[in-house]
Amino acid sequence: MSFRSVFVAIVLAFALILSAFLINRQRPKVETSQPTADFVKASGKCAECHARLQYSVVHEYEMSAHAKKGVNCLDCHQPAKGQQSQDHHGFVISTHLTSGNCRGCHEDVYKEFEHSRHAAPSWAAIYGEKGLTPEQVSFSEQFQPGGTKRPPHPFVTAEGGSAMVSGCEQCHAIGKPNDDGTIGRCTDCHSRHTSSVALARRPSTCAQCHMGPDHSQIEIYDESKHGVMFQAQENLLNLNAEPKSLTTRDMFVPTCATCHMSGLNGLKVTHDPSERLGYYLADAVTTKRPDSLRAQANMKQVCSQCHTEKLIERVYTQGDAVVVSTNAKVQHAKEIMDGLRKDGVLTGKPFSNPIDFVYFDLWHYDGRTSKHGAFMGGADFVQWHGNYPMLQKTVELEKMAADLRRDHGRK
Ligand code: HEC
Ligand code: HEC
Ligand code: HEC
Ligand code: HEC
Ligand code: HEC
Ligand code: HEC
Ligand code: HEC
Ligand code: HEC
């Protein structure tokens with residue numbers, strides 16, 4: 001080989017290395033900082049286009065725990081079992097992602113979630129058993145008796161389809177049955193691409209749905225000492241702490257997630273909030289859950305990471321008393337309503353007479369609010385948004401019932 005050709009070969013090789021280096025520098029960070037072949041092949045390619053199309057998606061992903069652990073775009077976007085696929089620029093991706101795209105790597109979490117009221121019961125609260133398979137219904141009924149085996153809500157027909165889709169479903173689709181046979185969405189709390197526990201621990205994340213007069217948890221929390229302390233000291237908390245080793249050093253003020261889901265100081269993390277709830281507070285007349293003693297013990301164990309037993313027992317004793325007195329008030333109103341129906345004074349479909357709404361608001365707004373307020377530190381909600389309007393509506397209801405009976409007598 002001549003000197004010339006060796007020289008040309010060396011120059012060419014050097015130029016190639018240099019240009020490879022320069023090109024590499026231009027490539028998205030995900031592609032260069034993650035060495036695995038799969039990663040470069042999948043993420044690099046997806047990110048190359050999508051950084052130009054939706055930079056925010058790629059950026060959120062880059063900062064996520066998934067990117068750090070080498071989980072790539074295709075790991076989530078490839079069709080999971082039972083999903084429809086589409087060709088996409090040399091890849092095969094799913095047309096629609098569900099919890100089915102997460103469960104492959106987070107099966108234990110999915111199982112817990114599936115036991116919870118965030119799963120099938122949440123959907124059945126609107127549509128009843130419709131859309132759920134018989135297997136899904138009987139599976140969920142084991143954990144949430146009466147949660148799925150029920151008729152559709154009367155508002156489905158009274159208010160119509162668009163109100164259901166843009167209203168109820170936006171919150172209750174957290175447990176929507178998916179075409180691939182799975183249930184629900186994980187991204188309501190974690191978002192699609194940040195996959196963040198910090199986000200899930202923030203009260204405002206739960207407040208996307210847990211708000212308003214019929215489930216005023218965020219309003220109650222905001223006025224509670226816990227909420228006030230969170231506002232004041234949020235920047236001192238470690239919202240990003242690893243769930244399995246979360247301590248009261250990281251979270252010395254509780255958020256919704258801390259009480260209902262987190263594994264504080266070695267307690268078990270759960271995706272089934274029912275594990276810590278003793279009552280059915282959302283019901284008109286509240287009853288105890290099947291496993292209420294154990295569930296309340298679980299919740300008290302969370303409180304006891306920060307409080308003494310005396311304080312905790314005080315809250316529960318006072319809460320129990322509010323449940324008993326609210327039940328009595330709702331029961332009284334219910335008997336008036338049942339009497340009107342029984343005597344033929346009130347006829348027709350549900351929600352066809354003004355008195356139906358007074359009764360509904362009495363338990364669904366005011367009764368619930370007083371019970372939730374009592375357990376979560378909302379004095380104003382127990383009183384001015386709870387017991388006071390209950391008293392007012394009881395008077396109104398009694399008057400309306402008497403008028404209806406009088407008019408009925410004249411017929
Ligand atoms: C050659 C460029 C290119 C590559 C490579 C690419 N995409 Fe896309 N992708 C697009 C374009 C263009 C669209 C349509 C976007 C729009 O409407 O703004 C799109 C749309 C999408 C959508 C929305 C689909 C829908 O129907 O709503 C998803 C999800 C997606 N891409 C994921 C990926 C994933 C995951 C990869 C890698 C496995 C990938 N893309 C690779 C260009 C690309
Ligand atoms: C942790 C799983 C996960 C990873 C990793 C992931 N995605 Fe997604 N992505 C989702 C989910 C879930 C959706 C919502 C899809 C749906 O509604 O069907 C989504 C939606 C999208 C969309 C549509 C966004 C919109 O709002 O219209 C694009 C584009 C996309 N992803 C691209 C990417 C790219 C590019 C990567 C890698 C840089 C990536 N994704 C990584 C889970 C993921
Ligand atoms: C290919 C496997 C894989 C898929 C698919 C996947 N994950 Fe992950 N996920 C992981 C790994 C690995 C970790 C890091 C675990 C660890 O550090 O212990 C993780 C961590 C997480 C975390 C904790 C993040 C943190 O900051 O600690 C959340 C939340 C999460 N994933 C949600 C999701 C959701 C939601 C989906 C579906 C949209 C999903 N994952 C899909 C593998 C996956
Ligand atoms: C803003 C979000 C949101 C909207 C909109 C919404 N809900 Fe709910 N719903 C919730 C939350 C959160 C709860 C849990 C209340 C609790 O446990 O205190 C709930 C509880 C319920 C319950 C009682 C629990 C059960 O399983 O029996 C029923 C029934 C219900 N919703 C039906 C509906 C119907 C029907 C609509 C539409 C007419 C609707 N919801 C609209 C968030 C919402
Ligand atoms: C996308 C809407 C949505 C988000 C976000 C959401 N929830 Fe819910 N949640 C619901 C609905 C709907 C129900 C009522 C389910 C039923 O009983 O029908 C519910 C019920 C509950 C219950 C009562 C469970 C039971 O066994 O009765 C608790 C506790 C709860 N959620 C806590 C949380 C916490 C904590 C967060 C935030 C980390 C959160 N939720 C985020 C919609 C949501
Ligand atoms: C109601 C809100 C909510 C929903 C829905 C939800 N998560 Fe979570 N998730 C959380 C919270 C809150 C935490 C953090 C608990 C804590 O404080 O340690 C968490 C933690 C996690 C973790 C880390 C757990 C660990 O032990 O390291 C993973 C992984 C995860 N979620 C995946 C999922 C998957 C997969 C789904 C769907 C099947 C899902 N999540 C649905 C709220 C939610
Ligand atoms: C200090 C702990 C704590 C915090 C913080 C907290 N909760 Fe609660 N929550 C409780 C207790 C205790 C109960 C009643 C337990 C029982 O029934 O035995 C309860 C009840 C509930 C219920 C009623 C479920 C039913 O039976 O209908 C929902 C829903 C709920 N909480 C959601 C939330 C949301 C959303 C937040 C944040 C905005 C929040 N909680 C903040 C402790 C807490
Ligand atoms: C992560 C720690 C933490 C957890 C868990 C926790 N709290 Fe608190 N709690 C606090 C802090 C901090 C304050 C504010 C104390 C102060 O005023 O200095 C507080 C204040 C209170 C107060 C007001 C103080 C008073 O004397 O009236 C009550 C009541 C209360 N908590 C009840 C509970 C109950 C019930 C639970 C469980 C369902 C619970 N807390 C769980 C940290 C916690």
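Predicted model: local features only at pLDDT ≥ 70, side-chain atom pairs only at ≥ 80, totals over all residues.
**Helix 20 and helix 22**

- The crossing of helix 20 past helix 22 is left-handed.
- On the helix 20 side, the contact is made by V322, K329, H332, A333, I336 and L340.
- Helix 22 contributes V382, M390, T394, L397, E398, A401 and L404 to this contact.
- By class, the residues of the contact are nine nonpolar, two polar and two charged.

- Strand 1 (residues 85-88) pairs with strand 2 (residues 91-94) in the antiparallel sense, over four bridges.
- Within this pairing, S85 stands opposite S94 in strand 2.
- The two strands form a hairpin with two residues between them.
- H89 is in the turn and has a positive phi of about 50°.

**Around ligand 2**

- There are 19 residues around ligand 2, and those that come nearest are C46, H50, C73, C76 and L97.
- Helix 3 (37-53), helix 4 (55-62) and helix 6 (73-77) are the elements that give two or more residues to this shell.
- Helix 3 gives the most, with four residues.
- The shell around ligand 2 holds nine nonpolar residues, nine polar residues and one charged residue.

**Around ligand 3**

- Ligand 3 is surrounded by 17 residues, of which A65, D75, C102, C105 and C186 are the closest.
- At least two residues of this shell come from each of helix 5 (65-68), helix 6, helix 7 (100-103) and helix 13 (187-190).
- The shell around ligand 3 consists of seven nonpolar, eight polar and two charged residues.

**Around ligand 6**

- Ligand 6 has 24 residues around it, and the closest are C186, C189, P243, A257 and S262.
- Helix 8 (107-115), helix 13 and helix 14 (197-201) each supply at least two residues of the shell around ligand 6.
- This shell comprises 14 nonpolar, seven polar and three charged residues.

Methods. Residues numbered from 1 in each chain as written. Chains lettered and ligands numbered in written order. Near = placed C-beta within 6 Å. Nonpolar A, V, L, I, M, F, W, Y, C, P; charged D, E, K, R; others polar. Pairing = 2+ DSSP bridges. Left-handed = near helix turned anticlockwise from the far one by under 90°. Contact = placed C-beta atoms within 7 Å.
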